[in-house]
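Please look over the chain slowly before reading on.

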Amino acid sequence: SMRRSLLVKTCREAVEKYISSSNKDQKSGYPIKIQYGMRYLGIEWSQSTSGKSVVTFLDSAGKVATFAARLVVGADGAHSDVRKTVCQRAYMDYRIEHLGYGYIELSIATEKNEALRRHQNLFHFWPRNDIMMWAMANRDETFSSTFVMEMSKLTALIEAGNLSTFLSKSFPDVKFTEGNGNPRVGTLMTVKCSSYNFRGDVVLIGDAAHTLVPFAGQGMNSALVDCSILYDCLLESPENWESALNKFTTIVKPNADAIADFAVSNFEELRSKTSRPLFNILKRFEAYAHSMFP
């Protein structure tokens, strides 16, 4: 595992390094640029399938900036504003399914948790029927931990200032660090779109196209696969981007929907079944049967 802040830093450095090297070798006259602090406002659609759309942003100084683009890639996450724009323009349907649960990221005092330190190569999991928590070791020997609970109960605990006390009572074998009392609460939800593209003008990828709950371990993997498939589709149809993006949707959507459904079912299994003795016996038998008849 890796801390979110370190992951963002690593990805940003890798992108900037790639852009720097690419611009040096750029022969097309269109250097790659990256700009931070830009808030998306909307798209003025091209009047033809071969024209350019105009994307409008608001920069950190409050000034409006516009960019003309032959293809807009919406990779702006689960609450994608680009997706909303596309759906309004293309009459495209999308569905958000909330699980009714929220999650928070916690810090564990590694030096006070000898059991965790001895088993850093394992996935640590605490199922409690209506709540659960897991922890994974980071490269710096710290642990990233996530706690899941019904949204209404979780927000009530935080607002009342009782979160730290509740965690200590629910997980007495874990020593948490100070500062877990007022964390940011995330929402567990699934997003499914009827299509991932509008003509050859815009395409959605990653969480903007198919948001998954984090119980299949495939969220980032799915986004990376999207990039690979999109690249292949554009290479196969360089003169017809609408055809390329239609093919991208056709390839990605069935698998993305299947993974989303699996992640939700796995959430129910992890939350309420893994603490049952009979369930664990059946799982051991399943593993044995698989080893005998792979």
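This is a predicted model: local features need pLDDT of at least 70, side-chain atom pairs count only at pLDDT 80 or more; totals for chains, interfaces and linings use all residues.

Residues are numbered from 1 along each chain as its sequence is written, and side-chain values use heavy atoms, with hydrogens and water left out.

The average pLDDT (the predictor's confidence in each residue, from 0 to 100) is 85 for the chain, and 92% of the residues score at least 70. Confidence is lowest in helix α3, residues 114–118, with a mean of 70, and highest in strand β12, residues 210–211, at 94; helices (H or I, at least four residues) and strands (E, at least two) are DSSP runs, numbered from the N terminus.

A nonpolar core is a set of buried Ala, Val, Leu, Ile, Met, Phe, Trp, Tyr and Cys residues joined through side-chain atoms within 4.5 Å, where buried means under 20% relative accessible area, with a 1.4 Å probe and protein chains only. The largest has 31 residues, and Val86, Tyr196, Val202, Leu204 and Phe248 have the most contacts inside it. Helix α7 gives the most to this core, with 5 residues. Leaving aside residues up to four places away in sequence, Phe248 touches several others, including Tyr196, Leu204 and Ile229, a contact being heavy atoms within 4.5 Å. A second, separate core of 20 residues includes Leu106, Phe143, Leu154 and Phe171.

Notes. Buried means under 20% relative accessible area, exposed over 50%, partly exposed in between (1.4 Å probe, protein chains only).
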